[in-house]
Structure formats: structure tokens, C-alpha cells
Amino acid sequence: MNAPTDISMKTDDVLKVELEVFRRQHRDLDEAIHALQDKGTGDQLTLRRLKKQKLWLKDIIAQIEDRLLPDILA
């Protein structure tokens with residue numbers, strides 16, 4: 001969660017690479033959360049932190065996608 005969130009100064013190529021990295025991290029967190037829940041080994045605080053990080057990544061992904069794929073109808 002240390003990545004700068006100011007996407008206004010980044011090129012589209014940089015954003016595309018970051019988008020893939022963030023998507024992979026989001027997918028990995030999802031798998032980790034499911035694994036902890038299935039095994040019952042994750043405490044609630046850890047699960048809450050992982051879910052919060054996953055939501056943060058989802059927001060960043062949405063911001064980058066909006067920048068790369070502007071709304072045509074607007």
C-alpha cells in the first residue's frame with residue numbers, strides 16, 4: 001500500500017504495467033483470504049487487514065482503468 005496514488009503525472013504505459021501489478025496483488029490477496037477462511041487459521045484482525053488492503057487495491061485499479069479507458073459517452 002506504499003504505491004503513490006497520484007496517477008495524473010504517469011504515462012499510459014506506466015499505468016498499464018501498474019494496473020497488471022495491482023490486479024495480480026488483488027488476486028493474490030483474494031486467494032490468501034479464501035485460504036485463511038477455509039482453513040480457519042486466520043484471526044479476524046488479519047482477515048480484516050487483508051480485506052481492507054484488497055479494497056484499497058480495487059479502488060486504485062478502478063482509478064487507473066478510468067484513466068486508461070475514459071467514458072466515451074461523457
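This is a predicted model: local features need pLDDT of at least 70, side-chain atom pairs count only at pLDDT 80 or more; totals for chains, interfaces and linings use all residues.
Residues are numbered from 1 along each chain as its sequence is written, and side-chain values use heavy atoms, with hydrogens and water left out.

Let me begin with the chain as a whole. It holds two helices and zero strands, where helices (H or I, at least four residues) and strands (E, at least two) are DSSP runs numbered from the N terminus. The radius of gyration is 15 Å, well over the 11 Å that the globule rule gives for 74 residues, so the chain is more spread out than a compact globule; that radius is taken over C-alpha atoms, and the rule is 2.2 Å times the number of residues to the power 0.38. Along the principal axes, the C-alpha atoms fill a box of roughly 45 × 25 × 15 Å. Of the 74 residues, 20% count as buried, by which I mean under 20% relative accessible area, with exposed being over 50% and partly exposed in between (1.4 Å probe, protein chains only). If we take the contacts with a separation of 6 or more, residues 24 or more positions apart account for 71% of them, a contact being heavy atoms within 4.5 Å.

Now to the helices themselves. H1 has 28 residues and reaches 40 Å from its first C-alpha to its last, close to the 40 Å expected at 1.5 Å a residue, the expected span being 1.5 Å times one less than the number of residues. The buried residues of H1 are Leu15, Leu19, Phe22, Leu29 and Ile33, and what covers them includes H2. After H1 comes Gly40, whose phi is positive, near 75°.

H2 covers residues 44-68, and its end C-alpha atoms are 36 Å apart, which agrees with the 36 Å that its 25 residues should span. Asp43 caps the N-terminal end of H2, with a side-chain oxygen 3.2 Å from the backbone nitrogen of Leu45. The buried residues of H2 are Leu47, Leu50, Leu57, Ile60, Ile61, Ile64 and Leu68, and they pack against H1.

Finally, the aromatic rings. The rings of Phe22 and Trp56 have their centres 6.4 Å apart and their planes at 80°, so the pair is edge-to-face. Because Phe22 lies in H1 and Trp56 in H2, the pair ties together parts that are 34 residues apart in sequence. Phe22 counts as buried at 7% relative accessibility, whereas Trp56, at 22%, counts as partly exposed.

Key
A polar contact is a pair of N or O atoms within 3.5 Å; within protein, one must be able to donate a hydrogen and the other to accept it, and residues adjacent in sequence count only if both atoms are side-chain atoms. Rings of Phe, Tyr and Trp (its six-membered ring) pair if their centres lie within 6.5 Å; planes under 30 degrees apart count as stacked, over 60 as edge-to-face and the rest as tilted.
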